[in-house]
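Let's take a walk through this structure together, one neighbourhood after another. Please keep the viewer open as you read.

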Amino acid sequence: MCSSDLHGLLIVDKPAGWTSHDVVAKLRKILGVRKVGHAGTLDPDATGLLPICVGSATRIVEYLIEIPKAYRVQLKLGEETDTEDASGQVIKRYELREIPDSEIQAVVKRFQGEIQQVPPMFSAIRKNGRRLYKYARAGEEVHREARTVTIYDIRNLQCEFPYISFEVRCSKGTYIRSLCRDIGRELGVGAHLTELRRTESATFTEKDAHP
């Protein structure tokens, strides 16, 4: 079968250290197909499901990204970073206090449903025609409008102070880094994302994924 006959959907289990574009570029070489795209960016440090569309299947990318996604998340209380995850520089430290699990549970549950979320500076969103991460790399911070996103469910919350882990199912456009930031601020001690794995995307789950 020649490469031009390759069309379809491949669910990749992305490793840490790879960008979503790295995966696409690698598969273009392996498959010998020019038309390859992904349905939903994962940050380089994140792992998990990355749906890859090949050939004529690239036409359905815009539909796949509309489907809710699920993640396993770990955050660390007490510090905020410029990237809102562990890859960034600490920009603010808080004096940690012992927080009862019941208080953490109550605060986290406030984020379920339709919420307003300010996206991170280190993101590909455009502001005045320029990507936000380009402003951030230049040391500039610009105003970002809050966007409406939906947190359908937060479950299996566990607290091992100063770490909190949970599973979340959310809409397109949700930044889990920013969700962790906002949970930390609501608790009054700050936070940043330390681990992220996408466990569901485009209705596929981890059992469907290929390394």
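**Strand pairing around S3**

Lysine 14 sits opposite glycine 48 in S3. That pair belongs to a set of seven bridges joining strand S1 (residues 8-14) to S3, and the two strands run antiparallel. Two strands count as paired if DSSP finds at least two bridges between them. The element names also come from DSSP: helices are H or I runs of at least four residues, strands are E runs of at least two, and both are numbered from the N terminus.

Before we go on, a word on the model: it is predicted, so to speak of local features a pLDDT of at least 70 is needed, side-chain atom pairs count only at pLDDT 80 or more, and totals for chains, interfaces and linings use all residues. Residues are numbered from 1 along each chain as its sequence is written, and side-chain values use heavy atoms, with hydrogens and water left out.

How enclosed is strand S3 by the rest of the structure? Eight of the eight residues of S3 (residues 47-54) are buried, so the strand is largely enclosed. Buried means under 20% relative accessible area, exposed means over 50%, and partly exposed lies in between (1.4 Å probe, protein chains only).

Now follow S12 to leucine 196, which is found in this strand. Leucine 196 has a relative accessible area of 13% and is therefore buried. Leaving aside residues up to four places away in sequence, leucine 196 touches Ala46, Thr47, Tyr71, Arg72, Val73 and Ile176, where contact means heavy atoms within 4.5 Å. Leucine 196 and glutamine 74 are 122 residues apart in sequence, with 6.6 Å from C-alpha to C-alpha in space.

**Two helices that cross**

Two packed helices are described by the angle between their axes and the distance between the axes. For helix H3 (residues 101-109) and helix H5 (residues 176-187), the axes come within 10 Å and cross at roughly 130°. Axes here are lines fitted to C-alpha atoms, for helices over the stretch in contact, and angles run from 0 to 180 degrees between N-to-C directions. H3 and H5 are therefore oblique to each other; angles under 35 degrees count as roughly parallel, over 145 as roughly antiparallel, 65 to 115 as roughly perpendicular and the rest as oblique. At the contact, Glu103, Ile104, Val107 and Val108 in H3 meet Ile183, Glu186 and Leu187 in H5.

**Loops and backbone details**

Aspartate 101 is also part of H3, and its relative accessibility of 45% makes it partly exposed. From aspartate 101 to phenylalanine 161 there are 60 residues in sequence and 9.4 Å in space, C-alpha to C-alpha. Phenylalanine 161 is joined to proline 162 by a cis peptide bond, with omega about 10°. Proline 162 lies in the loop between strand S10 (147-160) and strand S11 (163-170).

Asparagine 128 is not a glycine, yet its phi is positive, about 55°. Asparagine 128 lies in the loop between strand S8 (126-127) and strand S9 (130-131), and it counts as exposed at 73% relative accessibility.
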